[in-house]
Amino acid sequence: VTIHLSILLFFPLALATLGGLAPRAVAPLMLLVGSLVSLAYAVLMLFDFQTGSDRLQYVTDDKWIPDLGVRYILGVDGLNLWLIALTTLLFSASALWIVLRPPDDRVKLYAFYMGLAETAVLGAFMAQDLILFVLFFDLMLVPFYFLVGQWGGPDRVAATFKLVVYTLVGSLLMLAAAVATGITANDGESFSIERLAGGTLSESAQRWLFVAFALAFLIKMPAFPFHGWMPDAYRNMPLPVLAVFSAVLSKVAAYGFLRIVLPIFPDATQDFQTLMLLIALASILYASAQAFTQTNARLILGYSSVAQLGFITLGIFALGEAAGAQGALLQMVNHGLVVAPLFFIIALLQERTGSEDIREMSGVAFRAPVLSSLFLIVALATLAMPGSANFAGEFLILLGLFNTKLVIAIIAFTGVALASVYMLRMFIRAVHNRVGPGVKSFDLNVRDGLVLVPLVLVILAFAVYPQQALNSSEASVERVVAAPAGGEAVAQNGVTP
Amino acid sequence: VSAVLFAADVKGPAIDWMAISPLVALVGGACLVLMAGLVRAPFVRHTVVPLLALAALGTAAGLSIATWGDNVSVISGAMRMDDLTLFLTLVFVAAAAGAVLLSWRAIAPREAGHGEYYTLLLTVVLGMIVLAGATNLVTVFIGYELLSIPLYVLCATEMRRERSLESGLKYLIIGSVGSATLLYGLAFVYGATGETSFTGVAAGVEDMSGDVLLLTGLAFVVAGLAFKASVAPFHQWTPDVYEGAPTPITAFMAVATKAAALGVIIRFFDVAVIGASTTWAPALATLAAITIVVGNVGAIGQSSLKRLLAYSGVAQAGYMLAGVVVTTQLGVRAVVFYLAIYLLMNMAAFAVVVARERETGLGDDISSLYGLGADRPLLAWPMTIAMLSLAGFPATAGFFGKVYLIGAAVNNGYTWLGVGIVIGSAISLAYYLRVVSAVWMRAPDERAAGVVPAGPPRPAIAGGSTEADSDPDAVAASARVAAGGGRRLIQPEVIGLGVVCAAASVFFGVYPSPLLDLAQDAGAALTNLF
């Protein structure tokens, strides 16, 4: 099958733009169609993908700005295949949610921004040219800025300000570093990530470039000392937006480490390995502690995401062992799959209890057994119950880490335990206990089930077959992880074009 | 080309009329506009005069395109009409055309008698071209004055408004200091090298980079040109003058004056005194860094949009100066590319400012933008795109402008300046996004109680044009301004300008190649650089 990545990439934006010109009622439907077409394309790609190859597939490589050496290169390999599928799935779910529960005002703009967001995220995942990647990475911010600023909670203006300043400070430094990378490596002839991965940069140049990229990614994730924007943004973002934001955008940052940092700055990656592991560890511990003291359900999930991203970073920087990075990649997909439905569930609980504070929720379980069961499944997956794909992911991450950094792995283990504490606390407070005074419990209706049930089914399916994702990503992950280790793994596996 | 060959056996300067045809078109146009302005019929004054001005500008642009690639030296080496000059000419002409459109229904031309207003505008453009093309110290000064003097007058054309007069006077005084400094510096350079032509100066500079006379001269020249380009610490006049001048003139100054000053800075430093680059490059780099910081920090907290854009322009001048410092063709290309997109973003922003000034009576206060996003997409989007582009967001032209400048800086060992541009852009988010959030995230009723609609324009000097008093439009406008309500006016040329410039910003943000190709030619015109 010939798969044109440009179609997959721009379909959501194109249809959302058309939706902006269409009548009000049609706009969300156009958004949904755009997302579903991309989803269908992505699923097709999952089946068509040639497992076992570490090369880019379905490559689109066109001249774009020859004067700057910037090309329009898109490609898919084991690193981004599943993340693209995840993105299209979750944006489709959000689009469906918006169709069923459109916002009160300016629906067309809302739909347009969601389409723009999907295209930007997909672009960041598919871009194989450094400048193109930076362009999409920064572009992701624009729709979310407007979505929070126009449809967000009461503190929305302050929230957008923090969100944009934090993330753009990181991304702008990354922009300078990206330009410098191309110019230092080959005089600005080419910014192709594949070509830059040769490792022609001196170690000192690699170091500051690494710092600039790592800072951008750590802020976007967010990781522990750089998470200042997160609480306000999470508190004020509309929930269907937050679902994709939390599930997908943080993954772009983690993916950036695998796609760009490890292959292009292998020496610096080695140098900074310990520092990165410590930041990841600090994220896990700090965020877990926050997650079981917060009472706002959004923030509990926000901090749990920070902790999860900490695990993912640990896996990536385990280096040496492909298991760690493979676990990280699997965990990226897993976390995306669980966190999006959790935010939809919060929206439904908020509807029943009138609050997003878990102290004021309670007792929903008695009258809403289906909703509560779905919540339970997702919560158990989130805390990495054995049998879930999240368990497999965390297991691989820790396995990779045990072989390289034993002490850090042991401390990270406590993070797994902490996760069960905060997720169970949230679940019990939210749906069990006595029925509170303001709580109206009624069960999931078909409309909301349409969004939630498919997502939970995907989680279950993925729990049974995580091997699918592992198989198709194996070759690419090994190539990436081999770079900082001096290319030995490549030789062992005999991977050739 | 033929003119150069003939020059050997003909006495007196041979004039290559084709090469200087854009200048001729502007001179002719200026005379025609002035004459037409004398006709009493309102139709001629209100419609024919600006149309004639547009026609003159269009002709100049067309002739620039026709002579593209000729790269000739004209009038005995007084100036070069090469692709760099022509590129900048197109920028000046476009900015002036934008100013004509913004002035169409403005008070300023009415008070200044239409003909004079547009004639002065065309003369400024003429001066700018002379300045940008100058390859002789004397031509530099002629161009500088030809551009400055009409601008002083234009700033004061709203003669019933105190601030406009104040702005003109301020500009006159500070501008004259700048001129004097420049002239002084040019004299020193001449004294040190014994030559006025840039080639002669370049040859003289080769073996005297430590010469005190030359260094003094260079310092004065830097200061004189820095006044015009609003490079810190010579930028203090900028916010005051920009705020007081009629908004269409502010829009024109913000873009074209900066482009002209940077044009002459490029040619003077990267051609005439390139031999002494080890002495001036660090100084200019420092100035660029200071300018970036001062401009960006100064813009934070401004509630007047014109002041905000003035400070933003200071910061942008700093970014562009970085492209001059690196002394490469890549740097020149990056600067002229940035100038072209700077034109688009600023024109889009000023078009919205003009439109809202007329509609709300809040002047250029940021609160005049509140609630635009809800019901005025044709004003909200251009403003938004302009701000995002100025901040360097991707998918707008500003993104590639920054990429290009950073690339040029890094390429020649000025990585720290590249990082400086980035840090400046990060600071700039604080104020650009404030404007965007005013457009989309505020409701009109959120206006602070302190902002009261300005009253009707007060007569500042006796004996001004009587036309404004008798004009029913103006009276109606005053009444509306006094009421402070925001009413939709019919001003398609203003809105259209904003929309077109914003659309172009997005287009070049996605596909910058056509503009980059032109910039490439402009950079290649400086053959002494690599």
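Which side chains meet in a salt bridge at 2.8 Å, N to O, in chain B? They belong to Arg267(B) and Asp82(B), a salt bridge being a side-chain nitrogen of Lys or Arg within 4 Å of a carboxyl oxygen of Asp or Glu. The two sit 185 residues apart, with Arg267(B) in helix α12 (residues 247–272) and Asp82(B) in the loop between β2 (79–81) and α4 (83–103). Helices here are DSSP runs of H or I with at least four residues, strands are E runs of at least two, and both are numbered from the N terminus. Arg267(B) is buried at 2% relative accessible area, and Asp82(B) is buried at 0%. Buried means under 20%, exposed over 50% and partly exposed in between, using a 1.4 Å probe and protein chains only.

A quick word on ground rules: this is a predicted model, where local features need pLDDT of at least 70 and side-chain atom pairs count only at pLDDT 80 or more, while totals for chains, interfaces and linings use all residues. Residues are numbered from 1 along each chain as its sequence is written, chains are lettered from A and ligands numbered from 1 in the order written, and side-chain values use heavy atoms, leaving out hydrogens and water.

Over all chains, the search turns up 30 salt bridges. Head to chain A for another: Asp77(A) pairs with Arg479(A), the closest N and O atoms being 3.3 Å apart. Asp77(A) lies in the loop between β2 (70–76) and α3 (81–100) and Arg479(A) in helix α20 (residues 467–482), so the pair ties together parts 402 residues apart in sequence. Asp77(A) counts as buried at 0% relative accessibility, whereas Arg479(A), at 26%, counts as partly exposed.

Still in chain A, Glu356(A) forms a salt bridge with Arg298(A), with 2.6 Å between the closest N and O atoms. Glu356(A) is in the loop between α14 and α15 (364–367), and Arg298(A) is in helix α13 (residues 297–316).

Now for the place where the chains meet. The contact (heavy atoms within 4.5 Å) takes 36 residues from chain B and 37 residues from chain A. About 3100 Å² is buried between them, 79% of it from carbon and sulfur atoms; this is the accessible area (1.4 Å probe) that the two parts lose on being put together, summed over both. Zero salt bridges turn up across this interface. On the side of chain B that touches chain A, α19 (415–440) is one of the helices that supply at least two residues, and α19(B) gives the most, with eleven residues.
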